[in-house]
Amino acid sequence: MSFRTLPKVELHTHLEGCAPPEFIKGLAAEKKIDISKIFTADGGYAFRDFDHFLKVYEAACTTLQTPEDFRRLTLAVLEETAFHGVVYMETFVSPDFCGGGDLAAWKDYLAAMEDAAAEGQEKLGITLKGIVTGIRHFGPDACKPAARCAAETFGDFIVGYGMAGGEMVGRPGDYRYSFDMAREAGMPLTCHAGEWGGAAMVAETLRDLRVGRIGHGIGAITDPALIEEIAEKEIVLEVCPGSNVVLKAVKGWDNHPIAKLRDAGVKITVSTDDPPFFHTTMTDEYEMLHRTFGWDEDDFKALNKTAIAAAFCDDDTKTRIA
Ligand code: ADE
Ligand code: ZN
C-alpha cells in the first residue's frame, strides 16, 4: 500500500528548504547568478555535512530576491506537498531572507506568500501557515528584528515564532530577548534543539526559551529524566527522521530514537524539514517508518492527531483539517 494519499499534517518545514533544485536553478538563470557549485551532477543539492548544508541553503536563498519569487516558490512547494497528501503544513519563513529584517519589506514578502497560500487552499485544498524564524548562527542581535517582524504580523497566516540555523552557536538563553518579545505578543513558540546539541541543549531551551514545541529534540533520548519531563509537560517534538539520517544526526533509520521516544510517552510528530535537500517526501517518511518500525495507518493517524492538536493555527482551522 502506498501511504501517499493518507491525509497528513506536517509542522516542520523551511519554505526555502522546500525549493526544488530546478526551481532555484531557474531563478539563478533568470538573475544570472552562478551557483552551479551547490548542485550535484545529477541535479540535487550538494553538501558534505550540516555546516556545509547551511552554506548551500544560504547560497540557494540568494536567488530568492523579490516577493514575486516567494509567491512562485510558495505555490511550487504547495503543489508538491499537496501531492503527498498533506492537508495542513506549517513552514518557517525568515525575515532575514525576505528584506533583511526590515518590517515594511517583510510585509510585502508576506503578502506574496499569503496570496500563494490562498491560491493553494482554493486549488489544492492544502492549508499553509507560517512560523517566523530567527536564524541562530546570524546571532542574537539579528534575531531581534526577526522577532519584531513576527510580533507585528502575528495573525491569520503568521501563527508562531521559532529559531532555526546552527544550533551550536551561543546558548539558548542568548536568544531570550527575541523569544520574550514573541511570547509577549501572544505567539506560540518552537525552537530547533537536540538536533546536534544533545539533551542539555533541549533542557536549556525549555528552561530559558519556554517553548511548547521543539524542532527535532532527538538528543533528549540520552536523558531519561528529561524524557519524563517532556512527556509530562506535553512538549511536542517535531521529528524529521529523513533529515536526521541524511545529515547524519543519527547513524541510520534503525538507530533513530523516534520509536523509543514515542513509546516513552513523548508527543511525536513527523515532518520533512527540507525535502528536496534530503531526497524525501512525507510519503517517503511514512514508508520508512513503516519499514523500520512497522508503523501503520493507525500509528500515522495518531501522529496526525497529535500534530493537529499541536498546530499553531486557530481552532476553526483545526476543526476543518481534522
Ligand atoms: N534550516 C533548515 N534546515 C535546518 C535544520 N535541519 N536545522 C537547522 N536549521 C535548518
Ligand atoms: Zn528544521
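Because the model is predicted, local features require pLDDT of at least 70 and side-chain atom pairs count only at pLDDT 80 or more, while totals for chains, interfaces and linings use all residues. Residues are numbered from 1 along each chain as its sequence is written, and chains are lettered from A and ligands numbered from 1 in the order in which they are written.

Eight strands form an open, parallel sheet in the order E1-E2-E3-E4-E5-E6-E7-E8. Strand E1 (8–14) and strand E8 (267–270) each have a single partner strand and stand at the edges, so one side of each is left without a neighbour in the sheet. From one strand to the next, the twist averages 25 degrees. Helices (H or I, at least four residues) and strands (E, at least two) are DSSP runs, numbered from the N terminus, and two strands pair if DSSP finds at least two bridges between them. Strands of a sheet pair through backbone hydrogen bonds, either parallel or antiparallel.

The pairing can be followed from strand to strand. E1 and E2 are parallel and share five bridges, with Val-9 bridged to Tyr-88 in E2. Strand E2 (residues 86–93) pairs in the parallel sense with E3 over six bridges. In this pairing, Tyr-88 has Thr-127 of E3 as its bridge partner, and Met-89 has Leu-128 of E3. E3 is in turn joined to E4 by six bridges, again in parallel, and Thr-133 has Gly-162 of E4 as its bridge partner. Further along, three bridges join strand E6 (residues 213–216) to strand E7 (residues 236–239), which run parallel. Here Gly-215 is bridged to Glu-238 in E7. Helix H5 (residues 140–153) packs on the sheet, touching strand E3 (127–135) and strand E4 (158–164), and its direction makes about 150 degrees with that of E3. Axes are lines fitted to C-alpha atoms, for helices over the stretch in contact, and angles run from 0 to 180 degrees between N-to-C directions.

E2 is mostly covered, with seven of its eight residues buried.

In soluble globular proteins, nonpolar side chains tend to be buried together. Neighbours within four places in sequence aside, Ala-150 is in contact (C-beta atoms, placed from the backbone, within 7 Å) with Val-132, Ile-158, Tyr-161, Ala-182 and Met-187. Val-202, found in helix H7 (residues 198–209), counts as buried because it has 30 C-beta neighbours inside 10 Å. The C-alpha atoms of Val-202 and Gly-219 are separated by 7.3 Å, although these residues are 17 residues apart along the chain.

The residues around ligand 1 (C-beta atom, placed from the backbone, within 6 Å) include His-14, Tyr-57, His-192, Glu-195, Asp-273 and Asp-274. By class, this shell has two nonpolar, five polar and three charged residues. Asp, Glu, Lys and Arg count as charged, Ala, Val, Leu, Ile, Met, Phe, Trp, Tyr, Cys and Pro as nonpolar, and the others, Gly among them, as polar.

Asn-244 lies in helix H9 (residues 241–246) and is buried, with 23 other C-beta atoms within 10 Å. Its C-alpha atom is separated by 7.6 Å from that of Glu-195, 49 residues apart along the chain.

Two loop residues other than glycine have a positive phi. For Lys-32, phi is near 55 degrees; Lys-32 lies between helix H1 (21–31) and helix H2 (50–61) and is exposed, with 6 other C-beta atoms within 10 Å. For Arg-210, in the loop between H7 and E6, phi is near 50 degrees, and Arg-210 counts as partly exposed, with 13 C-beta neighbours inside 10 Å.

Key
Two residues are in contact if their C-beta atoms, placed from the backbone, lie within 7 Å. A residue is buried if 20 or more other C-beta atoms lie within 10 Å of its own, exposed if 12 or fewer, and partly exposed in between; C-beta atoms are placed from the backbone.
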